[in-house]
Amino acid sequence: MALAKVYDAATVFKHLNGIINVYKPAGMKLKHVRNAIIGNIAKGLNEMELREPRKLARDTPLLGTGTAADSVLHNIASNTDLSDHILSAGPRYMPRDIRCATVATLGDHTSGVLLFGINDGLKQSIHIQRNRPIRVYHVTARMGTATENHMPDSRVTVRANHRHVSADRISGLAASLQASHQRKMYELCGVDLQTQAAYELACKGLIRPADNSQPVLYGIKLIHFERPNFTLELHAINESEQFIAALVHDMAIELRTVAHCSQLRCVRHAHFDVTDSLPRHGWHLPGIVKNLRRQREILEANPQLLEQERIELHAASS
């Protein structure tokens with residue numbers, strides 16, 4: 001189906017519904033990303049063809065006096081509601097006219113895939129959030145120094161030697177952590193990992209948390225090692241920036257050294273990949289409309305993102 005160019009702002013705003021995938025830069029707060037998105041949408045709409053001011057109802061036409069030009073101006077002013085003119089009422093579209101909410105948040109130090117629901121797309125964002133799909137991170141850690149909050153912009157508290165740490169040791173620790181987290185998921189469900197019940201549970205699909213308070217780690221592996229830096233790939237649900245940073249710190253302690261996160265990057269959120277993310281220079285109306293169309297295709301190809309059966313992982317009762 002051929003696409004036609006649309007110049008009418010009202011038509012574009014009517015179809016401005018769905019999910020967008022933007023690339024959040026590191027060091028930029030979530031509210032600043034949201035304000036930039038909705039501000040650029042409103043700016044782009046106001047630069048398009050807008051509706052004319054409302055006309056006043058008149059029983060009889062008014063005739064001007066004086067010159068012909070004065071007569072024309074008088075008739076125009078008499079039939080036009082000047083209070084509806086953009087010079088008096090202001091721009092037709094304001095940022096507050098656009099509803100926008102995130103599917104899942106990212107920390108200030110984290111970059112990568114960030115999903116927003118626009119207008120009627122808020123319903124879709126709620127469904128995706130309730131299904132709690134997996135997010136994939138590439139986490140780069142720097143060995144040798146520990147900081148107060150495990151982030152690079154914090155004060156250094158400890159220094160330690162890391163010459164004894166190798167890629168094999170990190171890979172072995174990552175595999176051990178992954179196995180322990182998987183075992184914990186089945187234990188919270190009250191199922192022994194070596195039983196038929198555990199096998200049947202695994203066949204039903206991914207075990208997900210029942211709420212947003214319980215972070216679950218599904219996979220962790222080493223993908224790059226270049227002393228003093230190493231990069232991990234994490235698959236998790238309900239994770240946070242603080243959880244990932246603390247995980248890296250604890251891994252370094254197990255390796256008899258210290259480390260802090262130097263870079264956190266979300267590369268995938270369910271089927272929404274970083275390659276489809278809208279970079280910062282593309283946060284304008286044409287780019288957002290194109291991105292909305294691309295994410296709509298992903299949702300149509302993967303309907304389970306909005307509605308799917310899942311096994312809920314409930315916390316053990318105290």
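Strands are DSSP runs of E of at least two residues, numbered from the N terminus. In the predicted model, β11 covers residues 272-273, and the loop between β10 and β11 contains Ala270. Although Ala270 is not a glycine, its phi is positive, at about 60°. The relative accessible area of Ala270 is 14%, and the residue is therefore classed as buried, the limit being under 20%.

A positive phi is also found at Arg256, again not a glycine, with a value of about 65°. Arg256 is placed in the loop that runs between α8 (241-254) and β10 (259-269). With a relative accessible area of 70%, Arg256 is exposed. The peptide bond leading from Arg227 to Pro228 is cis, and its omega is near 5°.

The second largest pocket holds about 430 Å³ of space. Its lining comprises 23 residues, of which Ala104, Thr105, Arg135, Asn238 and Glu239 are the closest to the pocket centre. At least two lining residues come from each of α5 (121-131), β4 (135-143), β9 and α8. The greatest contribution to the lining of this pocket is that of α8, with 3 residues. Divided by class, the lining of the second largest pocket consists of 10 polar, 9 nonpolar and 4 charged residues.

Definitions and conventions:
Residues are numbered from 1 along each chain as its sequence is written. This is a predicted model: local features need pLDDT of at least 70, side-chain atom pairs count only at pLDDT 80 or more; totals for chains, interfaces and linings use all residues. Side-chain values use heavy atoms; hydrogens and water are left out. Helices (H or I, at least four residues) and strands (E, at least two) are DSSP runs, numbered from the N terminus. Buried means under 20% relative accessible area, exposed over 50%, partly exposed in between (1.4 Å probe, protein chains only). On a 1 Å grid over the protein atoms alone, a cavity is a set of points where a 1.4 Å probe fits but cannot get out, and a pocket is an open set with protein on both sides within 12 Å along at least five of seven lines; lining residues have an atom within 4 Å of a point. Grid points are joined across faces, edges and corners, and a volume is the space filled by probe spheres set on the points. Ala, Val, Leu, Ile, Met, Phe, Trp, Tyr, Cys and Pro count as nonpolar, Asp, Glu, Lys and Arg as charged, and the others, Gly among them, as polar.
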